[in-house]
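This report describes one protein model, from its core to its ligand. Look at the sequence and the structure before reading on.

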Amino acid sequence: MLQEISQNKPNLIVTAHDMRMKRRLLLILIVIIVIIWLVGLRNRGTIGLSEAIAPELEIAALKQNLARLSAECKTSKLKYDPHLPIIYAITPTYARAVQKAELTRLSHTMMLVPNLHWVIVEDAESPSTLVSNLLKNSGITYTHLTAATPQEWKLPGKQGEQWKKPRGVLQRNTALQWLRNNLNADQDQGIIYFADDDNSYSLELFEEMRDTQVVSVWPVGLVGGIMVEKPLLNPKTGRVTGWNSVWSPNRPFPVDMAGFAINLGHFLRHPEAKFSFEAPRGHQESVILGHLTTRAQLEPKADNCTKVYVWHTRTEIPNLKYEEKLIKRGERTDEGMEV
Ligand SMILES: *[C@@H]1O[C@H](CO)[C@@H](O)[C@H](O)[C@H]1NC(C)=O
């Protein structure tokens with residue numbers, strides 16, 4: 001036992017000495033850990049700071065880029081190709097609750113069509129601010145015309161539907177006259193298309209009509225009381241033999257305004273070609289096409305008239321009954337606002 005104790009004593013002394021050493025080591029270790037932690041904290045702080053600033057700087061730089069690019073897009077003739085015939089898209093339009101919505105939608109289609117010249121004819125005495133600004137801001141090449149329908153042609157009726165003269169004739173003829181006055185049959189390569197502002201257009205449509213030699217035709221969706229009104233082709237020759245129209249099928253050309261395009265040079269060489277104030281409703285297409293072509297001459301497009309690239313969607317007349325009540329009280333929700 002004694003031996004054991006005496007043997008253990010020096011051991012104990014060593015242990016005490018060790019303890020002191022360990023404590024000192026522990027203290028140093030703690031100090032080192034604290035220093036590392038403090039340095040880490042500072043670094044993390046600076047990382048956190050740069051992480052917070054960088055995205056803001058990046059967003060500011062991107063915003064600057066975006067502003068520069070959109071300015072460039074507006075001033076440049078988007079995708080202008082001098083070898084491609086220009087599509088002269090003629091759109092008659094008139095002031096109504098849905099006008100801005102319709103023209104915004106249509107302009108966003110037009111923006112995506114290369115070599116397009118938009119001829120807009122307002123039924124108004126002078127160009128409206130709404131249409132002027134919309135055209136200016138679109139970046140599209142355009143001509144802004146006006147042709148006011150004489151008051152005596154308009155009969156008081158629901159939405160002006162019972163007019164003495166066919167709607168849009170004056171405006172479309174004004175656009176056609178502008179083409180005759182400003183373009184030359186021998187120099188200008190182009191296509192004429194009547195693009196009303198209440199239809200929906202697929203971009204393929206414009207490429208289909210681009211190589212029209214005389215008059216081209218294709219199906220139109222949701223028109224004439226049926227799902228699709230389309231030319232019928234002779235399967236052997238591929239030429240147009242008739243239409244599947246149900247409404248007034250005996251018209252010489254039972255086709256909708258959105259269902260054909262005319263070669264510009266061919267049109268300019270036929271000075272008598274225009275719309276008529278005398279023709280009954282639904283016969284305007286037959287009037288102008290009768291001056292320009294025959295059924296057998298028509299050029300079927302859209303995969304032999306098997307594809308639909310344009311729809312006569314028509315926008316529902318909005319319900320504004322409370323707005324009308326407000327107007328009667330001398331108030332309105334769109335005061336100082338373009339809707
Ligand atoms: C269209 O029809 C004609 C004649 O039937 C045929 O020769 C031609 O290949 C067809 N074109 C397409 C794109 O289907």
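Which residues of the largest nonpolar core touch the most other members? Of its 56 residues, they are Ile87, Tyr88, Ala89, Ile192 and Tyr193. Such a core is a set of buried Ala, Val, Leu, Ile, Met, Phe, Trp, Tyr and Cys residues joined through C-beta atoms within 7 Å. Buried means 20 or more other C-beta atoms within 10 Å, exposed 12 or fewer, and partly exposed in between, with C-beta atoms placed from the backbone.

The model is predicted: local features need pLDDT of at least 70 and side-chain atom pairs pLDDT 80 or more, while totals for chains, interfaces and linings use all residues. Residues are numbered from 1 along each chain as its sequence is written.

The table gives contacts (C-beta atoms, placed from the backbone, within 7 Å) for two residues, leaving aside neighbours within four places in sequence.

| Residue | Contacts |
|---|---|
| Ile192 | Tyr88, Ile90, Leu179, Ala261, Ile262, Leu264, Phe267 |
| Asn304 | Leu233, Gly238 |

Asn304 counts as exposed because it has 12 C-beta neighbours inside 10 Å. Asn304 is also one of the residues around the ligand, with Pro235, Gly238 and Asp303; being near means a C-beta atom, placed from the backbone, within 6 Å. This shell has one nonpolar, two polar and one charged residue. Here Ala, Val, Leu, Ile, Met, Phe, Trp, Tyr, Cys and Pro count as nonpolar, Asp, Glu, Lys and Arg as charged, and the others, Gly among them, as polar. An unreviewed UniProt entry annotates Asn304 as "glycosylation site"; such annotations may be inferred rather than shown by experiment.
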